[in-house]
Amino acid sequence: MRVLFVCLGNICRSPTAEGVFRRQLDEAGLSGRVEVDSCGIGPWHVGKSPDPRAQAAARRRGIDLAGLRARQLADEDFYRFDYLLAMDHDNLAAIEARRPADSAAEARLFLAYAGEPARDVPDPYYGGDHGFDEVLDLIEAASRGLVATLRERLEAERS
Ligand code: 4NP
């Protein structure tokens, strides 16, 4: 199973989602069964580490984002990943606009897994530091839902 988190710049929300989700998969004993990555719609920050504010907020919850580097969404992602999980409606529209016709990847808003099918993870880039804690709260909730969904799917595949 392969999951790709997608935001605009790949330096705030989607690397945070990658770090949080990896941690939760590990705690659930599923890290060997699920591949995780993140990327951005835009090219501006390719090759950069996550925003220092995102790194600091994650670190306060014991999650290290320092090794991640930004990259841009690529055509191969539409074939490689089972789930393309968008942080907001604009990201989801951008994913669908460039989806190849024969891609079967499932594209959804990430917060659907937190029981909030229409809610965005707000973009914290131009806001204050507190925005990063709200992002983490939302991402932790959705990650729990996604772990539960994938666990069920993996168990169904086994039986
Ligand atoms: P992200 O945040 O999409 O959560 O990584 C942003 C980072 C950079 C920009 C916008 C959003 N930017 O315009 O450079």
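A polar contact is a pair of N or O atoms within 3.5 Å; within protein, one must be able to donate a hydrogen and the other to accept it, and residues adjacent in sequence count only if both atoms are side-chain atoms.

The model is predicted: local features need pLDDT of at least 70, side-chain atom pairs count only at pLDDT 80 or more, and totals for chains, interfaces and linings use all residues. Residues are numbered from 1 along each chain as its sequence is written, and side-chain values use heavy atoms, with hydrogens and water left out.

**Exercise 1.** Determine where Ser31 lies and which side chain it joins through a polar contact.

*Solution.*
1. Ser31 belongs to the loop that runs between helix 1 (13–27) and strand 2 (35–40). Helices (H or I, at least four residues) and strands (E, at least two) are DSSP runs, numbered from the N terminus.
2. Beyond its neighbours within four places in sequence, Ser31 is in contact (heavy atoms within 4.5 Å) with Leu25 and Asp26.
3. The side chains of Ser31 and Asp26 form a polar contact of 2.9 Å.

**Exercise 2.** Identify the polar atoms that lie by oxygen atoms of the ligand, and state how much of the ligand the protein buries.

*Solution.*
1. From the backbone, an N or O atom of Leu8 is 2.9 Å from a ligand oxygen atom.
2. From the side chains, an N or O atom of His45 lies 2.7 Å from an oxygen atom of the ligand, and a polar atom of Asp123 is 3.4 Å from a ligand oxygen atom.
3. The ligand taken alone exposes 360 Å², of which the protein buries 92%; accessible areas come from the Shrake-Rupley method with a 1.4 Å probe.
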